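Okay, thanks for coming, everyone. I'd like to walk you through one fold today, starting from the inside. Here it is.

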Amino acid sequence: MKPDTTFSIRPARPDDVTHIHAMIVELAVFEKLEHLVVATEALLHEGLFGAQPSCEAIVGEENGEVVTFALFFHNFSTFLTKKGLYLEDLYVKQAHRGKNIGTRMLQRLAQLAVERGCGRFEWSVLDWNEPAINFYKAMGADVMPDWRICRVTGDSLTALAERG
């Protein structure tokens, strides 16, 4: 970053929902998954700040502009019998990449995981995203070659729930 640039990381606030939602859409376009986005600002607000929040977020600001977000939640490891921190998405706006912002966001999330007594800090990466894979490896992450994500959604989720 240039010497005249200020960057700070803080917990997301309700007035950040518009910025986070816009970056979720940008991320989906980058990943060529925009057809899967049904997120709205109202749903995101409920997930982050509703009566029973299901996730948290931090944002990074450069000179007062929100330029990155990380959305995360706690999971649990039966092997470790400890909670973990799971990073659902981390996104840095295109014009702000190459400034160590992603590194600083991951470092802050790691600090949160340690502060909260988590046994793991995990996330997923698309197998074609070599720049991200290389970045994560450089940060000390192990890319788990033997693990695959299993997902049930929509009609398949309903059908599975109704079996038996």
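Quick definition before we start: buried means under 20% relative accessible area, exposed over 50%, and partly exposed is in between, with a 1.4 Å probe and protein chains only. Helices (H or I, at least four residues) and strands (E, at least two) are DSSP runs, numbered from the N terminus.

Also, this is a predicted model, where local features need pLDDT of at least 70, side-chain atom pairs count only at pLDDT 80 or more, and totals for chains, interfaces and linings use all residues. Residues are numbered from 1 along each chain as its sequence is written, and side-chain values use heavy atoms, with hydrogens and water left out.

So, helix α2, residues 41-49: which residues are buried there? Leu 44, Gly 47 and Leu 48. Looking down the axis of α2, these fall within an arc of 90° (taken from the directions from the helix axis to the C-beta atoms), so they line one face of the helix. They pack against α1 (17-30), β2 (56-62) and β3, with contact meaning heavy atoms within 4.5 Å.

Gly 84 sits opposite Arg 120 in β5.

Conventions: Pairing = 2+ DSSP bridges.
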